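Subject: Structure handover

Hello,

Please find the structure for your files below. My notes on it come after.

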Amino acid sequence: MSRHASAVRARLLILGGGYVGIDAYRAVMRQLGRQVRRGQVEITVVNSTPYHTFHGFTGEVLGGVLPLERTLTPSGTCCRRPA
């Protein structure tokens, strides 16, 4: 074992910030949150936009009742950094 073995971190890459990506992030945090906070595990979420779109109001947006901006949630809100 190398003398730097304790410095090696596990890295997890989640592709996409949609429903599955957010659920994956939350599931990993439930299981490995302590290790993430200690710096033993690093999680990176890659998404093409800085927000998550809630699709539950698609009809309201298409009908002009609700502005699209009201369905957007910043990715940082969905995938909070551990304290």
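Predicted model: local features only at pLDDT ≥ 70, side-chain atom pairs only at ≥ 80, totals over all residues.

Residues are numbered from 1 along each chain as its sequence is written, and side-chain values use heavy atoms, with hydrogens and water left out.

Core. The largest nonpolar core has 10 residues: Ile 14, Ile 22, Tyr 25, Val 28, Met 29, Val 36, Val 41, Ile 43, Cys 78 and Cys 79. (Such a core is a set of buried Ala, Val, Leu, Ile, Met, Phe, Trp, Tyr and Cys residues joined through side-chain atoms within 4.5 Å; buried means under 20% relative accessible area, exposed over 50%, partly exposed in between, with a 1.4 Å probe and protein chains only.) Helix α1 gives the most to this core, 5 residues, and both α1 and β2 (41-46) supply at least two. Helices (H or I, at least four residues) and strands (E, at least two) are DSSP runs numbered from the N terminus.

Ile 22 sits in α1 (residues 19-38) and counts as buried because its relative accessible area is 6%. Beyond four places in sequence, Ile 22 touches Gly 17, His 52, Cys 78 and Cys 79, where contact means heavy atoms within 4.5 Å. Ile 22 and Cys 79 are 57 residues apart in sequence, yet 6.7 Å apart in space, C-alpha to C-alpha. With the same exclusion of neighbours within four places, Ile 14 is in contact with Gly 21, Ala 24, Tyr 25, Ile 43, Thr 44, Val 45 and Val 46.

Thr 71 lies in the loop between α2 (58-62) and β4 (72-74) and is buried, at 3% relative accessible area. The search of the whole structure finds 1 aromatic pair: Phe 54 and Phe 57, edge-to-face, 5.3 Å centre to centre with 65° between the planes. (Rings of Phe, Tyr and Trp, the last by its six-membered ring, pair if their centres lie within 6.5 Å; planes under 30 degrees apart are stacked, over 60 edge-to-face, the rest tilted.) Phe 54 is partly exposed at 37%, and Phe 57 is partly exposed at 38%.

Surface. Leu 15, in strand β1 (residues 10-15), is exposed, with a relative accessible area of 66%.

Regards
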